[in-house]
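Reader: Hi! I'm new to this one, could you walk me through it?
Author: Happy to, let's have a look together.

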Amino acid sequence: MSNYYSQHPKFYIAVDCIIFGFNQRELSLLLLKRNFEPAMDQWSLMGGFVQESESADDAAKRVLHELTGLDSVYMEQVGAFGEIARDPSERVLSISYYALINVDNYDRKLVEQHNAYWTNINKTPELIFDHHQIVEQARERMKQKASREPIVFNLLPKKFTLTQLQTLYEAIYGEPIDKRNFRKRVAEMDYIEKTGEIDKTGSRRGASLYKFNDKVYRKDPKFKL
């Protein structure tokens with residue numbers, strides 16, 4: 001058995017994290033300005049190598065925690081990327097994951113230490129290696145999942161207005177949504193609950209605040225916008 005394995009080459013296995021946030025009415029992406037070679041001073045996703053004592057999923061969770069200080073974040077695998085020359089230094093295969101975080105709930109000092117910044121998803125700078133392809137596939141995977149399951153609530157504060165929710169969906173899909181139809185559909189979802197509280201940051205009259213009830217959703221997991 002050992003002879004069989006020794007006949008084959010060994011590669012580095014990396015994880016890359018595509019971190020999405022909802023910031024100032026736009027879908028945002030957290031990127032690093034690299035301070036090491038290769039590709040010094042260029043834009044990159046946050047990544048790292050899988051260690052001998054951890055699974056790929058655990059490595060992705062560790063990398064995300066090291067950058068944001070967050071645990072128990074919604075994360076889903078996008079896929080594997082293994083073009084021969086994708087990394088100019090070594091043969092590196094990447095297993096990529098996208099994560100959805102609330103932009104008000106992360107460790108800003110850690111992000112600053114990693115030289116990371118938020119950027120509008122539609123104004124993404126040129127990225128190293130195949131990271132642009134990884135981002136595009138992650139965004140498509142997120143769009144598909146968001147149409148079937150209520151994953152977008154991971155991007156919102158616990159209490160939100162319907163305008164915030166609609167704006168988020170418009171940012172994800174890149175197109176306007178009819179307000180009347182959207183609110184009619186939301187009204188049919190028992191797990192989006194009115195809190196009785198008012199948000200007056202946008203106007204004197206204010207807007208009603210809502211919350212997502214995961215327990216109610218799990219009892220009747222029907223979702224379609």
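Predicted model: local features only at pLDDT ≥ 70, side-chain atom pairs only at ≥ 80, totals over all residues.

Reader: Thanks! Where does S72 lie?
Author: S72 is in the loop between α2 and β5 (74-81). Its phi is near 55 degrees, a positive value in a residue other than glycine.

Reader: Okay, zooming out: how many helices and strands does the protein have?
Author: There are seven helices and nine strands. Helices (H or I, at least four residues) and strands (E, at least two) are DSSP runs, numbered from the N terminus.

Reader: What box do the C-alpha atoms fill, and how much of the protein is buried?
Author: Taken along the principal axes, the box is roughly 70 × 40 × 30 Å. Of the 225 residues, 40% count as buried. As for contacts between residues at least 6 apart in sequence, 67% join residues at least 24 apart. Contact here means heavy atoms within 4.5 Å.

Reader: Now the helices. How do α4 and α5 cross?
Author: Helix α4 (residues 131-146) and helix α5 (residues 162-173) have axes that come within 10 Å and cross at roughly 135 degrees. The axes are lines fitted to C-alpha atoms, for helices over the stretch in contact, and angles run from 0 to 180 degrees between N-to-C directions. The two helices are therefore oblique to each other. Angles under 35 degrees count as roughly parallel, over 145 as roughly antiparallel, 65 to 115 as roughly perpendicular and the rest as oblique.

Reader: Which residues meet there?
Author: From α4 you have R139, M142, K143 and A146, and from α5 Y169, A171, I172 and Y173. By class, the contact of α4 with α5 has six nonpolar, no polar and two charged residues. In that scheme Ala, Val, Leu, Ile, Met, Phe, Trp, Tyr, Cys and Pro are nonpolar, Asp, Glu, Lys and Arg are charged, and the others, Gly among them, are polar.

Reader: And at what angle do α5 and α6 pack?
Author: α5 and helix α6 (residues 179-187) pack at about 110 degrees, with their axes 11 Å apart. That makes α5 and α6 roughly perpendicular to each other. On the α5 side the contact is made by L162, T163, L165, Q166 and Y169, and on the α6 side by K179, F182, R183 and V186. These residues of the contact of α5 with α6 divide into five nonpolar, two polar and two charged.

Reader: Changing topic: what does the side chain of R62 make a polar contact with?
Author: With the side chain of E54, at 2.7 Å. A polar contact is a pair of N or O atoms within 3.5 Å; within protein, one must be able to donate a hydrogen and the other to accept it, and residues adjacent in sequence count only if both atoms are side-chain atoms. R62 lies in helix α2 (residues 56-68), and is partly exposed, with a relative accessible area of 25%.

Reader: What about E54, where is that found?
Author: E54 is in the loop between β4 (46-49) and α2. E54 counts as buried because its relative accessibility is 17%. Its side chain also reaches the backbone nitrogen of Q51 at 3.1 Å. Leaving aside neighbours within four places in sequence, E54 is in contact with F49, A59 and R62.

Reader: Last one: which residues does the cis peptide bond join?
Author: E37 and P38, with omega about 0 degrees. P38 lies in the loop between β2 (26-33) and β3 (43-44).

Note on methods:
Residues numbered from 1 in each chain as written. Heavy atoms only, no water. Buried < 20%, exposed > 50% of the residue type's maximum accessible area, 1.4 Å probe, protein only.
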